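Thanks for coming, everyone. I'll walk through one fold today, and I'll keep it brisk. Please look at the sequence and the model as they come up.

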Amino acid sequence: MALKSVTDADFDAAVLSSDKPVLVDFWAEWCGPCRQIAPSLEAIAAEYGDEIEIVKLNIDQNPDTAAKYGVMSIPTLNVYQGGEVVKTIVGAKPKAAILRDLDGFVTIKPVG
């Protein structure tokens, strides 16, 4: 399952106006750690898509939004709720660590 991409043009409608929390993955093609976390984000989207939406924003193609939110290093994962940034996660982490960071936005499912 490929994650939906957002752009500078549709960011407000797709992210800020969403009824549920949206995790935005600020990434770029050349970023190795961004590619590392992509499968984890896709798995989280598949498991928790009813609670949180996960989208990607390529900072090279959409520099305005990245600049607006002060994204200085990637991967940066911002969680938006009600049009505001409510959580920022910087750097590549394993799926379990990302889920821990998303506690409160998703109901963590027991393993097994």
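Let me start with a quick one: does K4 count as buried, partly exposed or exposed? K4 counts as partly exposed, at 43% relative accessibility. Before I go on, please note that this is a predicted model.

So what does K4 do with its side chain? K4 forms a salt bridge with E53, and the closest N and O atoms are 3.9 Å apart. E53 is in strand β3, residues 53-58, while K4 is in strand β1, residues 4-5, so the pair ties together parts that are 49 residues apart in sequence. E53 also counts as partly exposed, with 22% relative accessibility.

Take β2 and β3. These two run parallel, joined by six bridges. As one example, F26 has L57 of β3 as its bridge partner.

On to β2 and β4. Strand β2 covers residues 22-27, and five bridges join it to β4 in an antiparallel arrangement. Here L23 has V79 of β4 as its bridge partner.

Then β4 and β5. Strand β5 spans residues 84-90, and it pairs with β4 in the antiparallel sense over six bridges. Y80 stands opposite V85 of β5. The two strands form a hairpin, with two residues between them. Look at G82 in that turn: its phi is positive, about 60°. For background, most residues other than glycine have a negative phi.

Stay with β4 for a moment. Five of its six residues are buried, so the strand is largely enclosed by the rest of the structure. A cis peptide bond joins I74 and P75, with omega about 0°. Most peptide bonds are trans. P75 itself is in the loop between α3, residues 63-68, and β4, residues 76-81.

What lies across the sheet?

How many salt bridges does the structure hold? There are four. You have seen one, and I'll show two others. As a reminder, side chains of opposite charge can pair when their charged atoms come close.

D25 forms a salt bridge with K56, and here the closest N and O atoms are 3.0 Å apart. D25 belongs to β2 and K56 to β3, so this pair ties together parts that are 31 residues apart in sequence.

Next, the side chains of K95 and E47 meet in a salt bridge, at 2.3 Å from N to O. K95 sits in helix α4, residues 95-101, and E47 in helix α2, residues 32-48, so the pair ties together parts that are 48 residues apart in sequence. K95 is partly exposed, with a relative accessible area of 26%. E47 counts as partly exposed as well, at 30%.

Now the cysteines. The structure holds one disulfide. Which residues does it join? It joins C31 to C34, with an S to S distance of 2.3 Å. The link is right-handed, with 80° about the S-S bond. Is the pair buried or exposed? C31 counts as buried, at 4% relative accessibility. C34 counts as buried as well, at 1%.

One last stop: S18. You'll find S18 in the loop between α1, residues 11-16, and β2. S18 has a relative accessible area of 18%, and the cut-off for buried is under 20%, so S18 is buried. Its side chain reaches the backbone oxygen of K20 at 2.9 Å. Setting aside neighbours within four places in sequence, S18 is in contact with A13 and E53. That brings us back to E53, the salt-bridge partner of K4.

That's my tour. Questions, please.

Definitions and conventions:
Residues numbered from 1 in each chain as written. Predicted model: local features only at pLDDT ≥ 70, side-chain atom pairs only at ≥ 80, totals over all residues. Heavy atoms only, no water. Helix = DSSP H or I, 4+ residues; strand = E, 2+ residues; numbered from the N terminus. Buried < 20%, exposed > 50% of the residue type's maximum accessible area, 1.4 Å probe, protein only. Pairing = 2+ DSSP bridges. Disulfide = S-S within 2.5 Å. Polar contact = N/O pair within 3.5 Å; in protein donor to acceptor, adjacent residues only side chain to side chain. Contact = heavy atoms within 4.5 Å.
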